[in-house]
Amino acid sequence: MPELITCPRCGAQWSGLSAAHCCAAGCGRVFSTVRLFDAHRHSRGEHGGCLDPATITNSRGERIMFHRAGAWRGPELTEEQKTAVFSRRIRGAKKDG
Ligand SMILES: [Zn+2]
Ligand SMILES: [Zn+2]
């Protein structure tokens with residue numbers, strides 16, 4: 001059983017010590033990393049605010065987080081992407097052709 005963490009303020013529950021929970025009113029979202037949580041918060045206005053994670057994109061216009069298993073998480077690499085990264089490394093290391 002993963003250890004379940006409960007927020008004393010709003011009662012939200014999640015597992016994973018590295019996860020970050022946003023306790024803002026009307027939010028309560030859980031993020032798998034602090035980096036994703038930071039990306040979801042903006043500093044406009046007096047107290048800042050929350051962005052809808054589904055609308056947050058990187059400079060290429062790609063979504064940077066997806067809701068899976070109770071938390072917002074970064075995109076998982078597909079098998080093809082993993083293979084592409086791996087074979088690039090192999091080619092880079094081989095110089096004797
Ligand atoms: Zn909370
Ligand atoms: Zn929030």
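Here are legends for a few close-up views of this predicted model.

Residues are numbered from 1 along each chain as its sequence is written, while chains are lettered from A and ligands numbered from 1 in the order in which they are written. Local features need a pLDDT of at least 70 in this predicted model, side-chain atom pairs count only at pLDDT 80 or more, and totals for chains, interfaces and linings use all residues.

**View 1. The whole chain, element by element.** The protein chain has two helices and eight strands, both taken as DSSP runs numbered from the N terminus (helices: H or I, at least four residues; strands: E, at least two).

**View 2. The largest nonpolar core.** A nonpolar core is a set of buried Ala, Val, Leu, Ile, Met, Phe, Trp, Tyr and Cys residues joined through C-beta atoms within 7 Å. "Buried" means 20 or more other C-beta atoms within 10 Å of a residue's own, "exposed" means 12 or fewer, and "partly exposed" is in between, with C-beta atoms placed from the backbone. Which nine residues make up the largest core? They are W14, A20, V30, F31, L36, F37, M65, A71 and W72. At least two residues of this core come from each of β4 (30–31), α1 (34–40) and β8 (71–73).

**View 3. Around W14.** Two residues are in contact if their C-beta atoms, placed from the backbone, lie within 7 Å. Skip the neighbours within four places in sequence, and W14 still touches I5, A19, H21, V30, G70 and A71 by that rule.

View 4. L17 sits in the loop between β2 (13–15) and β3 (20–21), and it counts as exposed because it has 7 C-beta neighbours inside 10 Å. L17 and I5 are twelve residues apart in sequence, with 8.0 Å between their C-alpha atoms. R9 belongs to the loop between β1 (4–6) and β2. Its 9 other C-beta atoms within 10 Å are why R9 is exposed. From R9 to C23, 14 residues apart along the chain, the C-alpha separation is 7.6 Å.

**View 5. The backbone at A69.** Look in the loop between β7 (66–68) and β8 for A69. Most residues other than glycine have a negative phi. A69 is not a glycine, yet its phi is positive, about 50°. Is A69 buried or exposed? With 9 C-beta neighbours inside 10 Å, A69 counts as exposed.
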